[in-house]
Every structure is written in structure tokens, then in C-alpha cells.
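The following note is intended for a colleague who is meeting this structure for the first time. Please read the numbered points with the sequence and the model side by side.

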Amino acid sequence: MTSTQQIVLAARPYGHVKNADFRCEEALVPPVETGGIEIETLQISIDPAIRGWLDDRPSYLPPVAIGEPVRAFGIARVTASRSDDFPEGTIVRGLVGWRQRQVIAAPDANWQKIEPAPGVPLEYYLGILGVTGLTAWVGINDILQPQPGQTVLVSGASGAVGSVAVQLAKLADARVIGIAGGPAKSAMVKGLGADAAIDRKDPDWRAHLRRAAPDGIDGLFENSGGPMFEAAIDLLNDHARIALCGLIDGYNLPERPAGPRNFGMLLTKRVTTQGFIVLDYMDRATAVEADLTKLITSGKLAAVQTVLPGFGQLPTAFIDSFSNGHPGKVIVDIRE
């Protein structure tokens with residue numbers, strides 16, 4: 001048997017995740033049995049959701065076990081196959097984890113074949129043409145369903161999902177406000193077409209948000225939680241909609257924060273609030289990918305992404321994604 005490298009969870013994070021929570025180790029790659037495939041990971045997605053998977057608490061997926069590879073989406077190439085459905089050389093997308101090579105005993109529908117369109121970089125299929133784009137699409141087009149002229153607020157607007165959500169809301173002719181961290185990221189959000197960008201690091205961000213939404217907010221794409229979520233609830237119009245995508249502000253806290261102080265306004269304003277997990281919509285991934293590809297190739301949709309090289313970058317890239325980090329989608333390319 002050959003060996004490979006993998007990065008495993010060494011300890012449960014307490015508060016902010018740190019390098020000591022991970023460990024790089026050698027692992028054996030077993031032979032491929034009938035129906036199985038061996039894959040070589042090419043690129044790995046850095047997602048906030050990974051932080052929740054590291055905690056030992058109830059969630060939509062079981063926690064990553066101590067000593068097991070960190071769970072993550074990625075793109076891989078089939079290097080050996082005893083499956084008619086996945087011949088050698090096939091490019092696949094799925095939960096590859098933080099591993100360089102592995103054997104999939106019985107690849108199922110959770111492993112999607114990728115055939116990149118001409119001129120479309122492979123990494124797009126982990127970002128704007130992957131679960132990132134699907135998440136933004138569902139939140140904007142299925143849940144918020146903005147009408148022309150309505151006001152949509154996107155928190156985390158400079159992030160992977162938020163940067164796509166801003167553009168999709170503009171394509172629906174909505175008036176879009178984006179919240180980002182710092183002048184550079186706020187300017188980037190404006191460059192994506194947002195009518196206003198609020199710098200969450202500005203001491204007067206609350207006042208700026210109120211001025212940016214003089215007629216209230218009709219749709220909220222919520223990625224952050226915390227004080228900004230509370231401020232947005234204050235500005236919601238009657239019968240507004242919330243697409244509750246993430247609550248990243250609390251992911252690195254030892255205890256998850258209590259709900260917003262103005263939670264009762266969701267009742268009095270008759271707000272439709274829907275939490276959603278992209279894994280529930282994977283059956284639509286192919287159709288949404290085709291629609292997003294058309295928007296990209298026609299120049300109506302831009303990908304915001306950063307590709308970092310090297311397998312050893314994974315823990316640092318993940319940790320940095322919770323601080324100032326890189327804008328848009330962060331992907332680690334581990335090809336040598």
C-alpha cells in the first residue's frame with residue numbers, strides 16, 4: 001500500500017480555532033476493490049461551515065471525530081478505478097476532506113462528475129459554480145424572491161456566498177445594500193453593483209445602515225448574526241423575508257450567543273424567516289450550475305476568489321478566514 005498525507009482534528013477547538021487543533025500525519029491508501037475508486041485531491045474549499053463540524057454538538061451532520069481528517073468539500077481526479085461509472089481521469093466534486101489521496105469504496109450520488117466549460121477555471125466549481133453559488137441562488141431566488149425596486153440587505157457581502165448574493169439580487173433589479181469589513185472590502189462590494197456598502201468596522205455603522213435604507217428592508221440575506229442582525233431586524237418592513245444562511249459571528253465563541261434582543265419583531269412585522277442548508281438542495285446543483293455558467297460567460301456575474309497554494313496552507317487559510325482574511329471564496333490548491 002502507498003501512503004498519503006492528511007490533516008486531522010487533534011483537539012476540539014475552544015473559542016477561536018487555532019493551529020494546535022490540527023495535526024498532519026501519514027496514512028495508508030488501501031487497494032481499490034471492485035466498484036471503488038482512488039482519488040487524488042486537487043483543490044479544497046475553505047468554508048465557515050467547517051467550524052461547526054468541529055464542535056461536538058447537535059447539527060445537520062455529525063461532528064468530525066478526534067483523529068479523523070477534517071471534513072471539507074473539494075475537487076479530485078480519479079487515479080485508479082474499478083467502477084464503470086467513474087473511469088480513470090474523471091474529475092469529481094465531493095467531501096474530500098483534508099486529504100491528498102484516498103479510496104472511495106462505493107462512490108454514490110454525493111460524488112458529482114465535473115466537466116469544466118471552455119474557459120472556466122476549475123476552481124469556479126468549488127466556488128461560484130459549486131455549493132457557494134448554489135447557496136446564494138437558493139437564498140436569493142427561492143427564499144427572498146426580490147421584486148424590482150425592493151431593498152435587499154446582504155450581510156457578509158464580501159464573502160464567498162455574500163458576493164454572489166449581492167450580484168444575484170441586482171440581477172433581480174432590487175436595491176442592494178451590502179455589509180462588509182473594512183474600506184477595501186466595502187469598495188469591492190460596491191464594485192459588484194451594490195447600491196450602498198456598509199463598513200461594519202466603522203464606529204457609526206448603525207447610522208450608515210439606517211441612512212442606506214430609508215424605506216426599510218424587504219429582504220435580508222443573513223450570513224453573520226450578532227449586532228448587525230439585530231440592527232437589520234429593526235429596519236425590516238412588514239412581511240419582509242429573511243434567508244438565514246449563517247451566523248458566523250458566533251462560530252468561534254465558546255458558547256453560542258443568545259438570539260437577537262428584538263426577536264419579537266419577527267412576529268409583529270409578520271416576517272417570513274427560513275433557515276436553509278445547501279445540502280438539502282444538491283438535487284438542483286446541475287441546473288443551477290448551468291444557469292450560473294451562462295451568467296458568467298455573458299459577463300453578468302463575476303467570481304470573487306482567492307486561490308492559495310500548498311496542502312500545508314489549509315489550517316492557516318481556515319483560521320485566517322475568520323479574521324480579515326481574503327475577500328470572496330478561498331480555495332487551497334494542493335497540486336504539486
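1. Arginine 270 lies in the loop between α7 (265–268) and β13; helices (H or I, at least four residues) and strands (E, at least two) are DSSP runs, numbered from the N terminus. Although arginine 270 is not a glycine, its phi is positive, about 55°. Most residues other than glycine have a negative phi. Arginine 270 counts as partly exposed because its relative accessibility is 44%; buried means under 20% relative accessible area, exposed over 50%, and partly exposed in between (1.4 Å probe, protein chains only).

2. On the basis of the note: this is a predicted model, in which local features need pLDDT of at least 70 and side-chain atom pairs count only at pLDDT 80 or more, while totals for chains, interfaces and linings use all residues. Residues are numbered from 1 along each chain as its sequence is written, and side-chain values use heavy atoms, with hydrogens and water left out.

3. Two further positive phi values deserve attention. Histidine 239 is found in strand β12 (residues 236–244), and its phi is near 65°. Histidine 239 counts as exposed, because its relative accessibility is 54%. Glutamine 145, which follows α2, has a positive phi near 45°.

4. Does the length of helix α2 agree or disagree with its number of residues? At 1.5 Å a residue, the 14 residues of α2 (residues 131–144) should span 20 Å, and the end C-alpha atoms are 18 Å apart, which agrees; the expected span is 1.5 Å times one less than the number of residues. A kink of about 25° is centred on valine 138, where the bend is the angle between axes fitted to the seven residues ending there and the seven starting there.

5. Helix α2 is mostly covered, with 12 of its 14 residues buried. Among them are Val131, Trp137, Val138 and Leu144. The axes of α2 and helix α8 (residues 285–297) come within 10 Å and cross at roughly 90°, which means that α2 is roughly perpendicular to α8. Axes are lines fitted to C-alpha atoms, for helices over the stretch in contact, and angles run from 0 to 180 degrees between N-to-C directions; under 35 degrees counts as roughly parallel, over 145 as roughly antiparallel, 65 to 115 as roughly perpendicular and the rest as oblique. Gly133, Leu134 and Trp137 of α2 meet residues of α8 including Val288, Leu292 and Leu295; contact means heavy atoms within 4.5 Å.

6. An open sheet of 6 strands, with parallel pairing, has the order β10-β9-β8-β11-β12-β13; two strands pair if DSSP finds at least two bridges between them. The edges are β10 (196–199) and β13 (272–275), each pairing on one side only. Neighbouring strands of this sheet are turned by 15° against each other on average, direction ignored. Within the sheet, β8 (residues 151–154) and β9 (residues 175–180) are joined by 4 bridges, and leucine 153 has isoleucine 177 of β9 as its bridge partner.

7. Several helices accompany these strands. Helix α3 (residues 160–171) lies across β8, β9 and β11 (217–222), running at about 170° to β8. Helix α4 (residues 183–191) lies across β9 and β10, at about 165° to β10. The buried residues of helix α5 (residues 205–212) are Trp205, Ala207, Leu209 and Ala212, and they pack against β8, β9, β10 and α6 (226–235).

8. Which residues does glycine 216 contact beyond its neighbours within four places in sequence? They are Thr151, Leu235 and Asn237. Glycine 216 sits in the loop between α5 and β11 and is buried, with a relative accessible area of 9%. Its C-alpha atom is separated by 5.1 Å from that of leucine 235, 19 residues apart along the chain.

9. Glutamate 230, in helix α6, is buried, at 18% relative accessible area. Not counting residues up to four places away in sequence, glutamate 230 touches Gly259, Pro260, Arg261 and Asn262.

10. Strand β5 (residues 91–94) is covered on both faces, with Ile91 and Arg93 buried on one side and Val92 and Gly94 buried on the other. In a regular strand the side chains alternate between the two faces of the sheet. Strand β4 (residues 74–81) runs antiparallel to β5, joined by 4 bridges, and arginine 77 stands opposite isoleucine 91. Strand β7 (residues 112–113) also pairs with β5 in the antiparallel sense, over 2 bridges; valine 92 has lysine 113 of β7 as its bridge partner.
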